[in-house]
Amino acid sequence: MTKTTLPTMLSFSAPDLREQIEALPEGTALIGISTDGRAIAVDLDAQCPHVLVCTATGGGSTTVLRSLTAQFLHQGAHALVLDPRRISHLWAKGLPTVTHRGNVAGIHDALAGLGEELARRLDLTDTDLAAAPRLIVSMDSANGTLRQLTRYWETFRDRDDPRTSPAVTALEAALWTGRAARVHVILDSTPTTSLLGAAPHELFGTVVLARVSASTWQRLAPLAGPAPKPSKHQGRGHVIQDGEVHETQAIWMTDADVVTWLTDPDDPAN
């Protein structure tokens, strides 16, 4: 493979990159450019319908979630942005087609509502479903959030209530049946089998890994061969699709980039 010299930062503000992104068909979003010069994108309809992002601290997972979610919003999707740190996705607050939740109670209620919306969509006719906006569930820090949701549910559930948090159940249902309802999950972190059922990584057609251990690589990308040496470049990671590994420089899209693009796309400053 011949490697291409990539910039240390692949900025959305570069006009040619933005034009490339805006030319993509609905349901497709650009992750970045590979070291052999190829555009690496996720296609929610052609591949498995969800994306898993797993990085060490500072590996760029929040940036990838922000970039992909923003691109789908630009195409007309709606989004549920779950931001347990409360500050990682401030761009999502106030946008008309985005529901942003930060505290555990809000995340619980939002996911419970997702379960109801998923059931409603699964009962729609094909014509009505095709007219419904694509729904992106963008979840940061999933491992810790799922544990918080489980503890939160245990504090007030009644004896006759299910033992598993309805929020966790709804997320699991979205992973297993989301494609049929035009619901797609972009999940940051390693999904834990104890909370999301057996081998949930099989439901992610695109896996983005950066600065992870060899054991994490083997668990999340078992068919992709041994773990490559992590890159020291900020925003550089590996995208695994159909068993192929692409070393990729991810798009850098700031909060301001997203808000301006989605609210005033004709602004010359954008």
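This is a predicted model: local features need pLDDT of at least 70, side-chain atom pairs count only at pLDDT 80 or more; totals for chains, interfaces and linings use all residues.

Reply: Residues are numbered from 1 along each chain as its sequence is written, and side-chain values use heavy atoms, leaving out hydrogens and water.

Helices here are DSSP runs of H or I with at least four residues, strands are runs of E with at least two, and both are numbered from the N terminus. An axis is a line fitted to C-alpha atoms, for helices over the stretch in contact, and angles run from 0 to 180 degrees between N-to-C directions.

The H3 side of the contact consists of Val104, Ala105, Ile107, His108 and Leu111. From H5 come Thr145, Gln148, Leu149, Tyr152, Trp153 and Phe156. Contact means heavy atoms within 4.5 Å. Sorted by class, the residues where H3 meets H5 are eight nonpolar, three polar and no charged. Nonpolar here means Ala, Val, Leu, Ile, Met, Phe, Trp, Tyr, Cys and Pro; charged means Asp, Glu, Lys and Arg; the others, Gly among them, are polar.

Further along H3 is Gly113. Gly113 is partly exposed, with a relative accessible area of 29%. Buried means under 20% relative accessible area, exposed means over 50%, and partly exposed is in between, with a 1.4 Å probe and protein chains only. The C-alpha atoms of Gly113 and Ala167 are 8.5 Å apart in space, although the two residues are 54 apart in sequence.

Helix H6 (residues 166–181) holds Trp176. Trp176 has a relative accessible area of 48%, which makes it partly exposed. Pro49 is 127 residues from Trp176 along the chain, and their C-alpha atoms are separated by 9.6 Å.

Leu129 belongs to helix H4 (residues 126–131) and counts as buried at 12% relative accessibility. Leaving aside residues up to four places away in sequence, Leu129 touches Arg121, Leu124, Ala180, Ala181 and Arg182. Ala224 is 95 residues from Leu129 along the chain, and their C-alpha atoms are 35 Å apart.

Helix H2 (residues 61–74) and helix H9 (residues 255–263) have axes that come within 10 Å and cross at roughly 5°. That angle makes H2 roughly parallel to H9. Arg66, Ala70, Gln71, Leu73 and His74 in H2 meet Asp255, Val258, Trp261 and Leu262 in H9. The contact of H2 with H9 has five nonpolar, two polar and two charged residues. H9 also contains Asp257, which is buried at a relative accessible area of 15%. Asp257 and Trp91 are 166 residues apart in sequence, with their C-alpha atoms 9.1 Å apart.

Two loop residues deserve a note on backbone angles. Most residues other than glycine have a negative phi. Arg86 is not a glycine, yet its phi is positive at about 75°. Arg86 sits in the loop between strand S5 (78–82) and strand S6 (98–101), and is partly exposed at 48% relative accessible area. Arg211 has a positive phi too, near 60°. Its place is the loop between strand S9 (204–210) and helix H8 (214–220), where Arg211 is partly exposed at 34% relative accessibility.

Last comes the whole protein. Its secondary structure comes to nine helices and eleven strands. The radius of gyration is 18 Å, close to the 18 Å that the globule rule gives for 270 residues, so the protein is as compact as a globular protein of that length. That radius is taken over C-alpha atoms, and the rule is 2.2 Å times the number of residues to the power 0.38. Buried residues make up 49% of the 270. Among contacts between residues at least 6 apart in sequence, 67% join residues at least 24 apart.

Notes:
Angles under 35 degrees count as roughly parallel, over 145 as roughly antiparallel, 65 to 115 as roughly perpendicular and the rest as oblique.
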